Amino acid sequence: TTIAIDDKHVYLIDREPAEMDTLYKRPLGVKARRGGEIPLHKYGVLRVFDRTTGKSVWKVEKNINGTALAVDKENGILIMSHNSAGFNRPSDDENILKASGGEFAKFITAYNVKDGKVIWKDEVSTKRPAINQGRVISLSHMIDIKTGEIISFDKKWIYGNSNRWKPMGKSQGCGLFGVCDNLLTLRSATL
């Protein structure tokens, strides 16, 4: 589960722990490769509560398998993304999760904070994004928070011939951004 808070609401993903995470990963991986039965990894529920009264405002019950939330109160947009745990739970393994009937969450979804309607979904991004000045910043690219469109970059940030950027450094294993108006930092696994 995860939580985000703005001036009016508390946002959270309510989800039971995955049964597969109580089992050993290696035998689950063998089962997944051999077509064995693996416990279903159930989706969660995105719930929003009034911050003052605690009353439910809205909820989304379909395809909620994100693990991180962030809210942009200026634009009224809630961002849901997936971030695998550092200790690599079975539910963070793409092959095991797909074998259980679940969807591996390599995406960012933007919701309207007023009603929970999906504004856009980016199928490329992973990890915990940062939000700053109307931009969603992920390891793979930046996105306009209102439209979901990829933002073009200065050539020094472009990766190859694509419109994707690559933060500089030896490794981005940790991938946590710290962002303010005049500075963007990235926690990297190595220096």
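How many bridges pair strand E5 with strand E6, and in which sense, parallel or antiparallel? Select residues 68-72 for E5 and residues 77-81 for E6. The two strands pair over 5 bridges, in the antiparallel sense. Bear in mind that this is a predicted model.

**Stop 1: the hairpin**

Stay on E5 and E6. Pick Ala 70, then look across to Ile 79 in E6, its bridge partner. Now move to the turn. The hairpin has 4 residues between the strands. Select Gly 76 there: its phi is positive, near 65°.

**Stop 2: the whole chain**

Zoom out. The protein has 2 helices and 13 strands. Of its 191 residues, 41% are buried. The exposed surface comes to about 11400 Å², and carbon and sulfur atoms supply 49% of that area. Consider contacts with a separation of 6 or more: residues 24 or more positions apart account for 50% of them.

**Stop 3: the largest nonpolar core**

Nonpolar side chains in soluble globular proteins tend to be buried together. Here, the largest nonpolar core holds 14 residues. Select Tyr 11, Leu 46, Leu 69 and Leu 78, which touch the most other members. Next, colour the strands that build this core. E2 (9-14), E3 (44-50), E4 (56-64) and E6 each supply at least two residues. E4 gives the most, with 3 residues.

Centre the view on Leu 46. Which residues does Leu 46 contact, leaving aside neighbours within four places in sequence? Show Leu 12, Ile 13, Trp 58, Lys 59, Val 60, Ile 64, Leu 69, Leu 78 and Tyr 111.

Another core lies apart from the largest one.

**Stop 4: an open sheet**

Select E9, E10 and E11. These 3 strands form an open sheet in that order, with antiparallel pairing. The edge strands are E9 (130-132) and E11 (142-144), and each pairs on one side only. Look along the sheet: the twist averages 25° from one strand to the next.

Now select E10, residues 135-137, which 3 bridges join to E9. Within this pair, Ala 130 stands opposite Ile 137.

**Stop 5: Phe 177**

Phe 177 sits in strand E12, residues 176-180. Is Phe 177 buried or exposed? Phe 177 counts as buried because its relative accessibility is 14%, and the cut-off for buried is under 20%.

How values were computed:
Residues are numbered from 1 along each chain as its sequence is written. This is a predicted model: local features need pLDDT of at least 70, side-chain atom pairs count only at pLDDT 80 or more; totals for chains, interfaces and linings use all residues. Side-chain values use heavy atoms; hydrogens and water are left out. Two strands pair if DSSP finds at least two bridges between them. Axes are lines fitted to C-alpha atoms, for helices over the stretch in contact, and angles run from 0 to 180 degrees between N-to-C directions. Buried means under 20% relative accessible area, exposed over 50%, partly exposed in between (1.4 Å probe, protein chains only). Contact means heavy atoms within 4.5 Å. Accessible areas come from the Shrake-Rupley method with a 1.4 Å probe; for residues, only the protein chains shown count as cover. A nonpolar core is a set of buried Ala, Val, Leu, Ile, Met, Phe, Trp, Tyr and Cys residues joined through side-chain atoms within 4.5 Å.
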